[in-house]
Every structure is written in C-alpha cells, then in structure tokens.
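Please look over the model below. This briefing covers a helix, ring pairs and charged contacts.

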Amino acid sequence: MRPIIPDYLAEVLRDVESDTSGEPAGYIPELAAADPERLGAAFAMIDGEVYGAGDIDIEFTIQSISKPFVYALALSDRGFDPVLAKVGVEPSGEAFNEISLESDTGRPLNPMINAGAITVHSLAGAEDLNPTERVERVLHGLSAFAGRRLKMDEAVCASEMEHAHRNLAIAHMLRSHDVLTKDPRTIVDGYTRQCSVLVTTRDLAMMAATLANRGINPLSGEQVVPEPVVRQVLSVMFSCGMYDAAGDWATQVGIPAKSGVAGGLIGALPGQIGIATFSPRLDGHGNSVRGVSLFERFSSDMGLHVMEVPAAARAVVRSHHVVGSGPNALRVLQLQGGVGFAGAERVVQEAMDILPSDVRVAFDLTRVYSIDDVARRVLLEVARRLTLTGHEVYLVDPESTMPDPDPGDGGRVTVVDNVDQAVIPTQGSSAQEPAGYGSANPLTRLR
Ligand code: DON
C-alpha cells in the first residue's frame, strides 16, 4: 500500500503552489536572494514518524522560529520568575519589530516580538556565560529540540548584522530601562546568530513535535525542557506567535505556532503532532503566505484546532451492570479510553447512584489506556467514600494503568486482574475465591 499521508501532503502543496503573492523578506539582503519557489511541508508524529512532501530537506535560517525554543531554554535555565520579571506574556497586536515596552513595567510585552526575544537571548544559559558561550548554549539547545547538531549560516548573520539598526535601537531602549544589563550590540549579535541557525522543514517539524510531546524529543528520547516550560511556551505561541495576525490565526487555524522571515512556519499540537512548512514569500505581517494557507488546510481537513470539542466524556463509562445476585452480587462499572477530569466526574455521578445494598463494587479498567493525575485522585476518592459507607471496592486493572492505587485515609481497594477474581462463586461454580478478601490491609493486590 502506498503511504497515505505523503500523498495527502503532496496534494495540498499542489493546491497552494500557484499562489505567488507576497515577497521574500527584503530587509536582510541574503534572504531577499532566496529562491521564492521553494515549497515543503512535514508532519512529525510524537512517536518520531516523519511524513513530508516538497522541499523538506533544503536548509534555510530559522529566524523568529528560534524565539519560542530559546524562551524555553531561558525558562529552564533561569526559572520562571527571573524570566517573567523581564519579559511579559501579553499579545502586543503589533508588528514583530515594533519598538515598544509595557507602559507600567517597562518590560517587552512578550517573548515573540523582537524586544522580548532579544531580552530572552540574554537570559539563555547561566548568568555568568560570556557571549560566545551563550550562543553555544542556544545552538546546543536548538540542536536538542531538532535531534541533530545544527549549524549557523554566517553569511545570513553578517548580512542581517549590517542592517540591524532597528534591533540595535530596540536593544538600546531595553538597556536604558535596565531590562538588558550588558552591551546591547553584543546581545543583538548573539540574537542575530540565534536567528541564523540553519534548519530544514523536517528539523522544524521535529522541533515542534518535541513541544507537542511534553518536551521530549521523539527520536532521541531526550527531555529537552521540563513539562511546565512547554505549557508556558505553547500558551505564549498560541496568543503571540503570529504577531498582529494572532487573533485571525487563533480562530482560523487554532494551533500554537511561530513563523520566521526566511519562510518557515511551525505548529505544535499538544499530544499529537509537530507541523512545519516552508515557503519564502511573506505577507504584510511577516508570515509565509503559502505556509498560512497550508496550515488553514491542515487544520480544517484534519480537525486540528485545539478548541475542537473532544468526544463527550460520557463515553468513559462503557457499561454499568451487575454480575450475580443476592448479597454476593457484584456491581461492575466498566470504563474505557483515556480518563481525565470530565471522565472521572462521570464515574462520580454513576457511583452516587450505587445503593447501600450493592455492597460489592468493581471499577473495571481493562479497557482504560490512561488515567491522568486528577482522574486518579477522583477515582480513588470515590473508592474511599464507598469503603467508608460499607462497600467493598475492587479495581480490575490487569495493566496497572492506575499508578499507586491507594485511596488512603480509611479507604480500601482490592486490585485484581479480571472481573472473575472479584466474583464470589455460587455453590458448585469453579470461579476463584478472591484471596485477601476482607483483609485489614487498605491496599491489596491479588495476582
Ligand atoms: O529580528 C529579526 O528581524 C529577524 N532576524 C527575525 C525576524 C522574524 O523572523 C520575524 N518573523 N516572522
């Protein structure tokens, strides 16, 4: 069978190919000379599978797409407070290179506009690094996100530095407000080097997939940055990543994203996929014209908008039935799928209907593949309260999906591998008597 996804990607590329509107970035001479016809798109799944079509192995400079990743490095190197003290998280609604600061705090509004990104560059790595070491920290960190050693395009860097008057003006303004504490030119030089790192569309998809995969690079398995950092970065990408087009993007595409003036564009959909596109002609916001069209297609074709409402949590309770009869009857709640807060709340509702006479209750997790932390706590509290009101509670959990199933504080669950182990046999039946039944131990595992 021919693989489906590359065929789909090739078809979508064909659909946008004829759109030649927009212009490559003109303010960096080396970028203005780039081939405007390049076009590529790649999907990196969080298990490491990469699909692509078009120019996905051509290198170009990362530019502003470096901003969310270096923000992630600064947050993990310095901690949240020192970074948030210097750079806000409010959308600016302004162009990427606007010369502006928050009126009350004097901070750049967010880390995606240049004022914020130049400041964030100065916060990557330990405070006492020299400029060369800081650039190396950034290069090393970006490489970890990509899963391969990246390098810089010195020509693009020199070309941008020759015309970096606006970024220098921003940096001097930041220095005058003591947001930057070192030489502004040196910091702009480091930031420009950061923007000049060479990547392919395939690299960018993998970098985005690392964000989508809670900070773990799907190929190397390296935890590049901690999970709380990823949450922060994706939130800021969602609200600020597309500059003054962020509102249109949030409503029409709905994927945390970041663009770069060399024509790259990434999107990271938590838990699912990293997407990258490459097409150098830009719109008035500095975002790739065909890249934006491609993302609009991907989002609508595949339902990737983060606000798409998931299937009703009701489906978590697959069945609610009784096995046997009389005082030995077992009430079984069979759960399924991934259980989060809303799913656990459905279980609470079902459990409230359990009568005092239904003494024996089993929660069957055989078809559950994940239980998040809040769902685990809610389910164990259900078990604890049932115990306290005279019920005997079983957890049918052959794959140990429920970590540490201890309801604590007067609660008791008996963990078994299958429902039969919780069934008390009628006379003459061969079903196994549940060992440990009635044990004083609050947590008993029968295998
Ligand atoms: O700061 C600059 O001007 C560039 N090196 C990066 C700007 C950029 O990529 C803006 N994004 N669309």
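**Helix H15 and its surroundings**

Gly-390 follows H15 and has a positive phi, near 95°. The model is a predicted one. A search of the whole structure gives 21 salt bridges, and the structure also holds eight aromatic pairs.

- Helix H15 covers residues 373-388, 16 residues in total. From first C-alpha to last it reaches 23 Å, close to the 22 Å expected at 1.5 Å a residue.
- Buried residues of H15 include Ala-375, Val-378, Leu-379, Leu-380, Val-382 and Leu-386. Arg-376 and Thr-387 are also among them.
- Among the elements that cover these buried residues are strand E9 (330-339), helix H14 (341-352) and strand E10 (360-371). Strands E11 (392-396) and E12 (413-416) are included as well.
- Arg-384 is buried, at 15% relative accessible area. Glu-381 is partly exposed, at 25%.

**Aromatic pairs**

- Tyr-8 and Phe-298 have ring centres 6.2 Å apart and planes at 50°, so this pair is tilted. It links distant parts of the chain: Tyr-8 sits in helix H1 (residues 4-16) and Phe-298 in helix H13 (residues 289-302), 290 residues apart.
- Both Tyr-8 and Phe-298 are buried.
- Trp-249 and Phe-295 also make a tilted pair, with centres 5.4 Å apart and planes at 50°. Trp-249 belongs to helix H12 (residues 246-252) and Phe-295 to helix H13, 46 residues apart.
- Trp-249 is buried, with a relative accessible area of 4%. Phe-295 is buried at 0%.
- Ring pairs join Tyr-8, Phe-43, Trp-249, Phe-295 and Phe-298 into a cluster.

- Glu-59 and Arg-148 meet through their side chains in a salt bridge, 3.2 Å from N to O. Glu-59 lies in the loop between strands E2 (50-54) and E3 (60-61), and Arg-148 in the loop between helices H6 (131-146) and H7 (154-162), so the pair ties together parts 89 residues apart in sequence.
- Glu-59 is partly exposed, at 34% relative accessibility. Arg-148 is partly exposed, with a relative accessible area of 34%.
- Arg-175 and Asp-178 form a salt bridge at 2.9 Å, N to O. Arg-175 is partly exposed, at 32%, and Asp-178 is partly exposed, at 49%.

Technical notes
Residues numbered from 1 in each chain as written. Predicted model: local features only at pLDDT ≥ 70, side-chain atom pairs only at ≥ 80, totals over all residues. Heavy atoms only, no water. Phe/Tyr/Trp six-rings, centres within 6.5 Å; stacked < 30°, edge-to-face > 60°. Helix = DSSP H or I, 4+ residues; strand = E, 2+ residues; numbered from the N terminus. Buried < 20%, exposed > 50% of the residue type's maximum accessible area, 1.4 Å probe, protein only. Expected span 1.5 Å × (residues − 1). Contact = heavy atoms within 4.5 Å. Salt bridge = Lys/Arg side-chain N within 4 Å of Asp/Glu carboxyl O.
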